[in-house]
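Please examine the protein chain shown here before reading the notes on its fold, its sheet pairings and its charged contacts.

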Amino acid sequence: MREMIGWPGGCGDGIFSPGGAISNLYAMLIARFKMFPEVKEKGMSAIPRLVAFTSEQLSYPLLLHFIMIWISPAFKMFHAFNYRGKMIPSDLERRIVEAKQKGYVPFFVSATAGTTVYGAFDPLVAISDVCRKFNIWMHVDVSILPLIHNNPQ
């Protein structure tokens, strides 16, 4: 399947899931485990204070997942967005630097390809550049929006 979508040599990894909401939770848990594999055996108290970033227009189940893994005060979420619900990469970068200065470890950025309210698409390439710069897991939440078409025929 990886070869079918064009990944060189079929390299990559992935999992199948029953829906979008659980996929977002998987993404957060995988990002946390990738950065801190010891969390599996030692728990949240063995890792530093984590911080995740998302736009205010995140998918609603994702907010629940942030709360679900907010096992201790070690987890915090910041919003970085403009008036149309799109994440602003320069604001994201500024907030990452601020979080690091406060002792948090940024581990997860959830960008959006089609928010449920505005249908906003975050600037994914620019966000990925910021994530790469700070070695942060980037997740893209894809919301399926209904298309409304007024066809009198």
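The briefing below describes this chain, from its overall make-up to single residues.

This is a predicted model, in which local features need pLDDT of at least 70 and side-chain atom pairs count only at pLDDT 80 or more, while totals for chains, interfaces and linings use all residues. Residues are numbered from 1 along each chain as its sequence is written, and side-chain values use heavy atoms, with hydrogens and water left out. The protein chain has 5 helices and 4 strands, and their order along the sequence is α-α-β-α-β-α-β-α-β.

**Overall make-up**

- Helices (H or I, at least four residues) and strands (E, at least two) are DSSP runs, numbered from the N terminus.
- Of the 153 residues in the protein chain, 37% are buried; buried means under 20% relative accessible area, exposed means over 50%, and partly exposed lies in between (1.4 Å probe, protein chains only).
- The accessible surface of the protein chain is about 9,500 Å², and carbon and sulfur atoms account for 60% of that surface. Such areas come from the Shrake-Rupley method with a 1.4 Å probe, and for residues only the protein chains shown count as cover.
- Among contacts between residues at least 6 apart in sequence, 68% join residues at least 24 apart, where contact means heavy atoms within 4.5 Å.

**Strand β3 and its partners**

- Strand β1 (residues 50-54) runs parallel to β3 and is joined to it by 5 bridges; two strands pair if DSSP finds at least two bridges between them. In this pairing, Ala52 stands opposite Phe108.
- Strand β4 (residues 137-142) also runs parallel to β3, with 6 bridges between the two strands. Here Ala113 stands opposite Val142.
- The structure has 1 aromatic pair. The rings of Phe107 and Phe108 have centres 5.8 Å apart and planes at 35 degrees, so the pair is tilted. Rings of Phe, Tyr and Trp (its six-membered ring) pair if their centres lie within 6.5 Å; planes under 30 degrees apart count as stacked, over 60 as edge-to-face and the rest as tilted.
- Both Phe107 and Phe108 are buried.

**Salt bridges**

- Side chains of opposite charge can pair when their charged atoms come close.
- The model contains 5 salt bridges, a salt bridge being a side-chain nitrogen of Lys or Arg within 4 Å of a carboxyl oxygen of Asp or Glu.
- Asp91 and Arg94 form one of them, with their closest N and O atoms 2.4 Å apart. These two residues lie 3 residues apart in helix α4 (residues 89-101), about one turn of the helix.
- Asp91 also meets Arg95 in a salt bridge, at 2.9 Å from N to O. Arg95 and Asp91 are separated by about one helical turn because they are 4 residues apart in helix α4.
- Asp91 is buried, at 13% relative accessibility, whereas Arg94 is partly exposed at 39% and Arg95 is partly exposed at 24%.
- A network of salt bridges links Asp91, Arg94, Arg95 and Glu98.
- Lys133 forms a salt bridge with Glu93, and the closest N and O atoms are 2.4 Å apart. Lys133 lies in helix α5 (residues 124-134) and Glu93 in helix α4, so this pair ties together parts that are 40 residues apart in sequence.
- Lys133 is exposed, with a relative accessible area of 57%, while Glu93 is partly exposed at 24%.

**Surface features**

- Met4, Ile5 and Trp7 make a nonpolar surface patch of about 380 Å². Patches are made of residues with over 30% relative accessible area and no salt bridge; like charges are joined within 9 Å, and nonpolar side chains (Val, Leu, Ile, Met, Phe, Trp, Tyr) within 5 Å.
- Ile5 lies in the segment before α1 (20-35) and is exposed, with a relative accessible area of 56%.
- Asn135 lies in the loop between α5 and β4 and is exposed, with a relative accessible area of 63%. The phi angle of Asn135 is near 55 degrees, a positive value in a residue other than glycine.
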